[in-house]
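This briefing presents a structure to a reader who is new to it. The topics are taken in turn after the structure is shown.

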2 protein chains.
Amino acid sequence: MFRKTRLFTPGPTPLLPAAQFAMAAADIHHRTAEFRALYTKVLAQLKEFVGTKNDVLLLSCSGTGAMEASVSNLTSPSDRILVLSAGKFGERWTALGKAFGCNVDLVTVPYGETFDLATIKAALKPDTKAVYVQATETSTATRHCIQAIAKVIQATTPEALLVVDGITGLGTTHFDIDGWGIDVLIGGSQKAVMIPPGLAYLSVSDKAWAAMEASKNPRYYFDLRKERKSAKAGESAYTPSVALIAGLGAALDYIAGQGGGDLAKGRIALVENAETCAAMTRAGLVALGFTLFAPTAPSAAATAVSVPEGLDSGTVVKELKAKFGAVITNGQGDMKGKIFRIAHLGFFDYMDTIALLGALEFIARDTLKLPIQLGQGLAAAQQVFADRKENQVLNNPCLCGRQTCCRS
Amino acid sequence: MFRKTRLFTPGPTPLLPAAQFAMAAADIHHRTAEFRALYTKVLAQLKEFVGTKNDVLLLSCSGTGAMEASVSNLTSPSDRILVLSAGKFGERWTALGKAFGCNVDLVTVPYGETFDLATIKAALKPDTKAVYVQATETSTATRHCIQAIAKVIQATTPEALLVVDGITGLGTTHFDIDGWGIDVLIGGSQKAVMIPPGLAYLSVSDKAWAAMEASKNPRYYFDLRKERKSAKAGESAYTPSVALIAGLGAALDYIAGQGGGDLAKGRIALVENAETCAAMTRAGLVALGFTLFAPTAPSAAATAVSVPEGLDSGTVVKELKAKFGAVITNGQGDMKGKIFRIAHLGFFDYMDTIALLGALEFIARDTLKLPIQLGQGLAAAQQVFADRKENQVLNNPCLCGRQTCCRS
């Protein structure tokens with residue numbers, strides 16, 4: 001039978017057709033009025049999408065480039081920073097801190113878990129310059145409660161900067177950048193904004209701009225001060241990824257459309273969409289006898305699922321691709337072979353989600369030899385979709401995207 | 001929640017991405033060596049795909065243009081023709097015959113049914129010039145057994161030409177053009193070959209070429225003799241739809257790939273794919289309490305489904321689009337409001353099919369208020385997919401695509 005290739009990976013995510021068309025049409029020189037109009041529009045859209053009064057900058061690099069920029073621009077060698085690490089991307093903060101000579105304090109929790117606030121409080125020192133954390137740890141599909149973490153920092157070391165990797169968190173969990181005091185929030189193009197990899201963006205607070213002036217690190221391509229200056233003139237400091245910027249504009253137009261023309265509402269619709277796909281997926285897989293890997297703080301960006309002892313999650317990934325054309329991901333690092341991960345961030349809908357569960361029933365039955373009845377996972381997911389009310393996320397006072405906030 | 005637009009219509013059908021890319025790249029002048037190489041390749045592929053030693057021609061028009069060409073080129077005013085009509089497209093043969101002054105004999109059956117061979121035999125006259133029929137009547141999703149009809153003609157009036165509208169039949173049912181003696185077989189681009197509308201193609205037998213010389217009808221754009229002459233020189237008689245031809249080439253490459261590099265095997269894979277999608281759909285909808293509109297001779301091109309008395313099938317079409325982004329079609333003509341139709345021809349796969357059934361469960365429950373349990377249609381479709389063996393169509397001696405042929 002035919003098999004269409006469909007990405008269910010937490011980046012890259014499925015491309016928005018309107019963004020693909022805009023990319024194909026982007027035959028624009030980057031030092032022209034035409035590009036300046038495009039760039040100015042996209043930066044303004046991005047600011048609304050992210051939801052902040054702070055500056056929002058675009059960089060032509062992957063999310064890791066923006067992570068590096070938020071270390072190299074904000075610290076100096078021997079500065080003390082606190083890294084909150086719960087997986088592969090938390091470990092990347094540590095590696096970046098060390099690469100730039102920081103004195104790295106570390107709060108770690110096992111893969112699949114989130115942080116204890118008292119431990120964070122105890123780890124904050126009077127001279128902690130900045131705290132680095134993920135909003136959602138993609139490698140384990142775990143969500144950290146940034147609102148609660150921000151509160152602890154404000155109460156303990158209000159001088160410390162809060163830098164949040166929202167690469168898979170943006171569009172899958174709610175943020176109030178200005179209200180909570182997030183100094184830097186980082187996003188990537190191949191995630192909830194539905195375009196290919198190659199762009200990163202970040203919001204930068206006044207406090208972060210002030211810190212930047214004090215940094216003694218050498219910087220050039222990732223010198224955010226230069227980018228801010230260029231952005232004010234409608235350009236990028238260096239040759240930008242023009243087609244991706246055109247695609248991003250089209251994607252933000254689409255997201256605005258999902259919010260009735262309002263990008264802030266579109267961002268909420270995006271989170272809610274991911275939550276619905278995630279809730280259906282979790283219910284369907286639990287009904288098939290699978291165990292969720294991060295049950296206490298699951299992210300809506302992706303769902304991580306454990307395979308029964310003695311089985312290899314790589315087989316699930318491989319067979320699903322071979323038999324159905326659907327691409328999911330294995331665990332990373334220590335989790336390889338133990339979990340598989342299914343993405344919900346970005347351009348996914350009900351039909352994608354239910355179709356993947358149908359295919360996974362066959363993988364569960366025929367590849368993993370689990371004792372299931374065909375249809376039992378699907379029926380559970382159907383019930384979740386039936387019960388899911390529009391806008392229920394909006395009624396959640398903590399804005400964390402879950403009915404009962406883990407930290408409230 | 002997000003809703004991707006997905007066509008489940010029996011033309012246009014979902015576009016093959018590789019064909020879209022080829023179309024976008026088709027910046028070619030049609031009177032150049034580059035185009036001649038493309039056109040010659042595509043015509044040769046098409047001949048293999050259709051499966052004949054006869055000439056195969058491409059026309060830049062919709063399928064109806066090729067239907068007209070097979071009337072205007074093969075008949076003269078007052079010629080007797082026999083039209084076998086079982087729906088809207090059968091009626092089109094009658095309209096075309098009358099438009100060109102033919103003396104039209106008619107065998108009709110009610111919508112949703114197929115023909116009785118004895119009735120066809122009785123309707124054939126010694127001076128019947130040609131018989132016009134659909135392989136699959138798209139308006140009712142019914143399949144006619146061309147093999148059996150061809151046999152009756154051969155046995156009764158072997159001089160008569162057999163002209164088959166295979167617009168939705170090609171790629172959803174098997175043909176042996178040369179073995180059965182099909183003089184003209186017509187296909188369209190927006191059907192099983194996965195590209196947009198705008199191209200038609202037809203195979204033409206030696207007997208049909210001979211008849212063409214005798215025709216007294218005025219012809220110009222649709223003069224097939226001119227097209228044959230141009231095609232031999234690697235060109236089309238008039239300005240062709242270049243991008244669609246490039247797209248068709250890419251689609252035929254894909255279909256060949258599905259047959260391990262062999263277009264004839266790819267065509268069989270295409271039929272089998274449609275059969276699997278159709279079988280899943282029928283089982284799923286019957287499990288939900290729906291009644292199939294053409295249960296005795298269902299086509300694999302599409303499935304037509306009756307809605308319960310007093311309900312409007314247009315509501316199903318409308319709500320499915322509004323709630324899930326999936327586009328199916330209402331009945332045509334007298335059937336409007338009574339049936340809805342779901343396509344299986346072309347670029348559909350398991351995941352498309354199971355996802356649509358999931359969405360239809362909600363339409364059945366919430367829009368039509370049918371007393372169903374969520375999951376019951378899905379479970380039935382899952383079982384069909386589980387039971388479906390690869391290549392079972394190939395083992396069917398009558399090549400009609402069904403386990404028990406209606407006419408063998």
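Chain A is divided into domain 1 (6–12 + 262–395) and domain 2 (17–258), with bounds that come from an automatic or database domain assignment. The model is predicted: local features need pLDDT of at least 70, side-chain atom pairs count only at pLDDT 80 or more, and totals for chains, interfaces and linings use all residues. Residues are numbered from 1 along each chain as its sequence is written, while chains are lettered from A and ligands numbered from 1 in the order in which they are written.

**Domains of chain A**

- The centres of domain 1 of chain A and domain 2 of chain A, taken over C-alpha atoms, are separated by 27 Å.
- Contact between the two domains of chain A involves 31 residues of domain 1 and 34 residues of domain 2; two residues are in contact if their C-beta atoms, placed from the backbone, lie within 7 Å.
- On the side of domain 1 of chain A that touches domain 2 of chain A, the elements giving two or more residues are H11 and strand S12 (302–306) of chain A. Helices (H or I, at least four residues) and strands (E, at least two) are DSSP runs, numbered from the N terminus.
- H11(A) gives the largest share of that side, eight residues.
- That side of domain 1 of chain A divides into 19 nonpolar, eight polar and four charged residues. Here Ala, Val, Leu, Ile, Met, Phe, Trp, Tyr, Cys and Pro count as nonpolar, Asp, Glu, Lys and Arg as charged, and the others, Gly among them, as polar.

**Contact between chains A and B**

- Chain A and chain B each bring 28 residues to their contact.
- Helix H11 (263–287), helix H13 (350–367) and helix H14 (376–387) of chain A each supply at least two residues of the side of chain A that touches chain B, and the largest share, seven residues, comes from H13(A).
- The residues on that side of chain A comprise 15 nonpolar, eight polar and five charged.

**Relation of the two copies**

- The same surface serves both copies, as 100% of the contact residues of chain A recur in chain B.

**A sheet in chain B**

- In chain B, four strands form an open antiparallel sheet in the order S11-S12-S15-S14; two strands pair if DSSP finds at least two bridges between them.
- Strand S11 (291–292) and S14 of chain B stand at the edges with a single partner strand each, so one side of each has no neighbour in the sheet.
- Strand S12 (residues 302–306) of chain B pairs with S15(B) over five bridges in the antiparallel sense, and B:Thr303 stands opposite B:Ile342.
- All five residues of strand S15 (residues 339–343) of chain B are buried, so S15(B) is largely enclosed by the rest of the structure. A residue is buried if 20 or more other C-beta atoms lie within 10 Å of its own, exposed if 12 or fewer, and partly exposed in between, with C-beta atoms placed from the backbone.
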